[in-house]
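Visitor: I'd like to learn how to read a structure like this one. Could you walk me through it, feature by feature?

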Amino acid sequence: MSIASFAKSFFNNLINKNYKEIAPDLGKMLLYTGAVGWVLSSLAHVIAIGINRKIDKDQKAFLVPQEMADAAVNIALFIVVTRSFTKFGENLVKRGKLITKDIAKLLKEDAFAEKLGRKFTTEIKSNLTKTFSEGFEDLEKGVLTKPVENTVTKKLEIPDLQVFKNNKGNLQGIYYKFFDGVSFISSTIGSIISCNLLTPYFRNIYAAKKQRFDTGKVTTLDRPILPAIPRTGMDDFRQKILTRPNTTPSTSMKI
Amino acid sequence: MAIKIEQNDINTQAPAFKGGWNKVIQSDKVIKRIGDIGGYSSPQSRLIIGVTALLMQTPIDYYNKRVDEETRTVSAARTLAKAAVGTVTGVIVRYGCIKGINMCTLTDQATLDAIKNPFIKELRQCLIPTNLKSEAFAKATRLAEKHKQALGTFVALGVMLITNFALDVPLTKFFTNIFNDKLHQHKKKSTEAKGGK
């Protein structure tokens, strides 16, 4: 095998691996790549601060910890805040809490739920995404208990099952456009809150304390300076022993 | 074929709706707007977060009472420079990566047949997985879009590794000094104006 064909084969394996293993679960991948991106960006900016001669030492003592804390806090808050907001928005749509009139129109059909098979009846509302992917695929495979055309297709003004199947993309398109829109909006709101409000607040607290510590304004981080306990020398100790009161038990004590 | 919807005909008592609160969006404009936003991806997200960072992070640093005035001013100038430079380079890199990925995942047979050069033809399909059978299948399962997003994220990370050091560092340093001088001049003017009253 030549080097070129080996390289091509290796490249194709990477592409296929991305399609099969990484693309189905984008959330984790976005988290890892985001974390790496933040760390690298932070490193670059720490270097930028270090080589900037117009910023004096005391200010660098604040800016460098600020930049390092920025990456750490961003990563933590992305996990806690941004992902929570995104999941919340997606679940609103998946569980049928926030839907469009087109989807509502389709779901209101008891016959539609029945035709998809009993197992989907309770699952429809709990996971619309599953309905619009697997449910429709089952429809195509013909996993139906009764013919569809006289109930669902008539209400939706679709003349026959084939046209209904042809509209699968349209109905899925309607659902997925809405789902993606709500997901984008909720993740953006989460990112704005975590990156632009909470992160600057927390990183400034840490950087200010670090600056006070590094510039010698405090000797320990956030701990007050306690007075030293005076130590006793040998002479003082001997004096105390010689002058202490007699503590031997009285001989008048009777057992 | 478009699906016709009957107005005012939503039965929220149907089995699929039973139990709990739900909100049905009736307005076509709102539905269309949310659908358009669904087409946004990382460049738009970066732009929104970058602009809001300029508007929110800069005042937080400028009015940070935990540090002295000089440090506060430099910190605000640096945040402003970093947000501006990071947003511009971030949006350009992400947009460029998506364009590049789309160019190399061409599945339209008519366009492919029109390409005469075999090398260009292969290049235009080099990022398509070998088991992706048709555009229709890819659209139905959405995996093709997710595949492109995943590839775009990896490529953008690699490109930003270079741009962070080659562009962001020198540009942020340059603009930090400019904004720092401007902020000091502004403070001096406002101090003089207060003293003049």
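This is a predicted model: local features need pLDDT of at least 70, side-chain atom pairs count only at pLDDT 80 or more; totals for chains, interfaces and linings use all residues.

Visitor: Is A:Tyr206 buried, partly exposed or exposed?

Guide: Buried means under 20% relative accessible area and exposed means over 50%, with partly exposed in between. A:Tyr206 has a relative accessible area of 41%, so it lands in the partly exposed class.

Visitor: How far apart are A:Tyr206 and A:Ala69, in sequence and in space?

Guide: Along the sequence, 137 residues separate them, yet C-alpha to C-alpha the distance is 7.3 Å.

Visitor: Now zoom out. What does chain A look like along its sequence?

Guide: Chain A has 11 helices and one strand. In order, the pattern reads α-α-α-β-α-α-α-α-α-α-α-α. As for burial, 42% of its 255 residues count as buried.

Visitor: Which residues touch the most other members of the largest nonpolar core?

Guide: A nonpolar core joins buried residues through side-chain atoms within 4.5 Å. Here the largest one has 14 residues, and A:Val93, A:Tyr175, A:Phe178, A:Val182 and B:Ile25 touch the most other members. Chain A contributes two or more residues from each of strand E1 (98-100), helix H4 (101-107) and helix H10 (168-214), and chain B does likewise from strand E1 (23-25) and helix H1 (28-38). H10(A) provides the largest share, five residues. There's also a second, separate core of eight residues, with A:Ile49, A:Leu63, A:Ala207 and B:Val74 among them.

Visitor: And on the outside, which residues form a nonpolar patch?

Guide: For a patch, you look for residues with over 30% relative accessible area. In this model A:Leu43, A:Ile47, A:Ile51, B:Leu161, B:Ile162 and B:Phe165 make up a nonpolar one, with about 540 Å² of accessible area together. H2 of chain A and helix H7 (143-196) of chain B each give two or more residues to that patch. Take B:Leu161, which is in helix H7 of chain B: its relative accessible area is 40%, so it counts as partly exposed.

Visitor: What about charge: which residues gather in a patch of negative charge?

Guide: Like charges are joined within 9 Å. On this surface, A:Asp56, A:Asp58, B:Asp68 and B:Glu70 gather in a negative patch. A:Asp56 is found in the loop between helix H2 (26-51) and helix H3 (57-94) of chain A. With 40% relative accessibility, A:Asp56 is therefore partly exposed.

Notes
Residues are numbered from 1 along each chain as its sequence is written. Chains are lettered from A and ligands numbered from 1 in the order in which they are written. Side-chain values use heavy atoms; hydrogens and water are left out. Patches are made of residues with over 30% relative accessible area and no salt bridge: like charges are joined within 9 Å, nonpolar side chains (Val, Leu, Ile, Met, Phe, Trp, Tyr) within 5 Å. Accessible areas come from the Shrake-Rupley method with a 1.4 Å probe; for residues, only the protein chains shown count as cover. A salt bridge is a side-chain nitrogen of Lys or Arg within 4 Å of a carboxyl oxygen of Asp or Glu. Lys and Arg count as positive and Asp and Glu as negative; His and the chain ends are not counted. The place of a charge is taken as NZ of Lys, CZ of Arg, CG of Asp or CD of Glu. Helices (H or I, at least four residues) and strands (E, at least two) are DSSP runs, numbered from the N terminus. Buried means under 20% relative accessible area, exposed over 50%, partly exposed in between (1.4 Å probe, protein chains only).
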